[in-house]
Amino acid sequence: MEITEVRIFPKESPDKKLRAYATVTFDNVFVVRNIKVIEGSTGLFIAMPSRKIKHPCPKCNFKNESKSKYCNTCGTQLPLVQRPVTPSDINNLQSEHKDIAHPITQTFREYLQKTVLDAYEKQKTGTGTSTSTGTGIGTSTSTSTSSGFSGLDPDTKF
Ligand SMILES: [Zn+2]
């Protein structure tokens, strides 16, 4: 499967770890939206679109947020849900979120992440680049090399 298009929607809020949303097209026929570009402690990574896991009340069956202790409708105390920690839990930032769509092989996960992050970096550098220091160094080096070379020309010594 090939990624045929990546669209980046930057979220420039310096205090938050969410850097951008990505919309990715696969094989020109399938689109996944709301893939997140997140700045982690070890660098940028992507998070697949996810939904919050909700816990139904045992009495009235109302679906409560995972962190609620009491049912939002009838006030019944909710049982604490002890879930086993799986590899997908570690991949998710918060364990109460569950991926809606995600790669199931490590190879494709890396390919997807690299493609999205490359597109993000390209978009980031494409808007607002300043190379004032680079050009100044380049000019001074080229002039000193050409004058030094003519003085060492072996033909002038004969
Ligand atoms: Zn209830």
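User: What share of the 158 residues of the protein chain counts as buried?

Analyst: The share is 9%. A residue is buried if 20 or more other C-beta atoms lie within 10 Å of its own, exposed if 12 or fewer, and partly exposed in between, with C-beta atoms placed from the backbone. This is a predicted model, in which local features need pLDDT of at least 70, side-chain atom pairs count only at pLDDT 80 or more, and totals for chains, interfaces and linings use all residues. Residues are numbered from 1 along each chain as its sequence is written.

User: How many helices and strands are there in the protein chain?

Analyst: The protein chain has three helices and eight strands. From the N terminus on, they follow one another as β-β-β-β-β-β-β-α-β-α-α. Both kinds are DSSP runs numbered from the N terminus: helices are H or I with at least four residues, strands are E with at least two.

User: What makes Ile8 count as buried?

Analyst: Ile8, in strand β1, has 21 C-beta neighbours inside 10 Å, so Ile8 counts as buried. Not counting residues up to four places away in sequence, Ile8 touches Ala20, Ala22, Ala119, Tyr120 and Gln123. Two residues are in contact if their C-beta atoms, placed from the backbone, lie within 7 Å. The C-alpha atoms of Ile8 and Ala22 are separated by 4.6 Å, although the two residues are 14 residues apart along the chain. Across the protein chain, residues 24 or more positions apart account for 33% of the contacts with a separation of 6 or more.

User: Why is Asp27 called exposed?

Analyst: Asp27 has 9 other C-beta atoms within 10 Å, and is therefore exposed. Asn28 also counts as exposed, with 9 C-beta neighbours inside 10 Å. Asp27 lies in the loop between β2 and β3, and Asn28 is found in that loop as well.

User: What is the phi of Asp27?

Analyst: Phi of Asp27 is near 50 degrees, a positive value in a residue other than glycine. Asn28 is another such residue, with phi near 65 degrees. Most residues other than glycine have a negative phi.

User: What is the strand order in the open sheet of four strands?

Analyst: The order is β1-β2-β3-β4, with antiparallel pairing. The edge strands are β1 (3-10) and β4 (43-47), since each of them pairs on one side only. From one strand to the next, the twist averages 30 degrees.

User: How do you know that β3 and β4 pair?

Analyst: Two strands pair if DSSP finds at least two bridges between them. Strand β3 (residues 30-40) and β4 have five bridges, in the antiparallel sense. In detail, Val37 stands opposite Ile46 in β4, and the bridge partner of Ile38 in β4 is Phe45. A hairpin of two residues joins β3 to β4.

User: How do you know that the span of α2 agrees with its 21 residues?

Analyst: The expected span of a helix is 1.5 Å times one less than its number of residues. For the 21 residues of α2 that should give 30 Å, and the end C-alpha atoms are 30 Å apart, so the two agree.

User: Which residues of α2 are buried?

Analyst: They are Leu112, Val116, Leu117 and Tyr120. They cover an arc of only 115 degrees around the axis, so they lie on the same side of α2. The arc is that of the directions from the helix axis to the C-beta atoms. The face turned away from this side carries exposed residues, among them Glu110, Lys114 and Asp118.

User: What covers the buried residues of α2?

Analyst: The cover includes β1, β2, β3 and β4. Helix α2 (residues 106-126) lies across these four strands, running at about 50 degrees to β1. Axes are lines fitted to C-alpha atoms, for helices over the stretch in contact, and angles run from 0 to 180 degrees between N-to-C directions.

User: How many residues are in the largest nonpolar core?

Analyst: It has twelve residues, including Ile8, Ala22, Val37, Met48 and Leu112. A nonpolar core is a set of buried Ala, Val, Leu, Ile, Met, Phe, Trp, Tyr and Cys residues joined through C-beta atoms within 7 Å. The elements giving two or more residues to this core are β2, β3 and α2. Helix α2 gives the most, with four residues.
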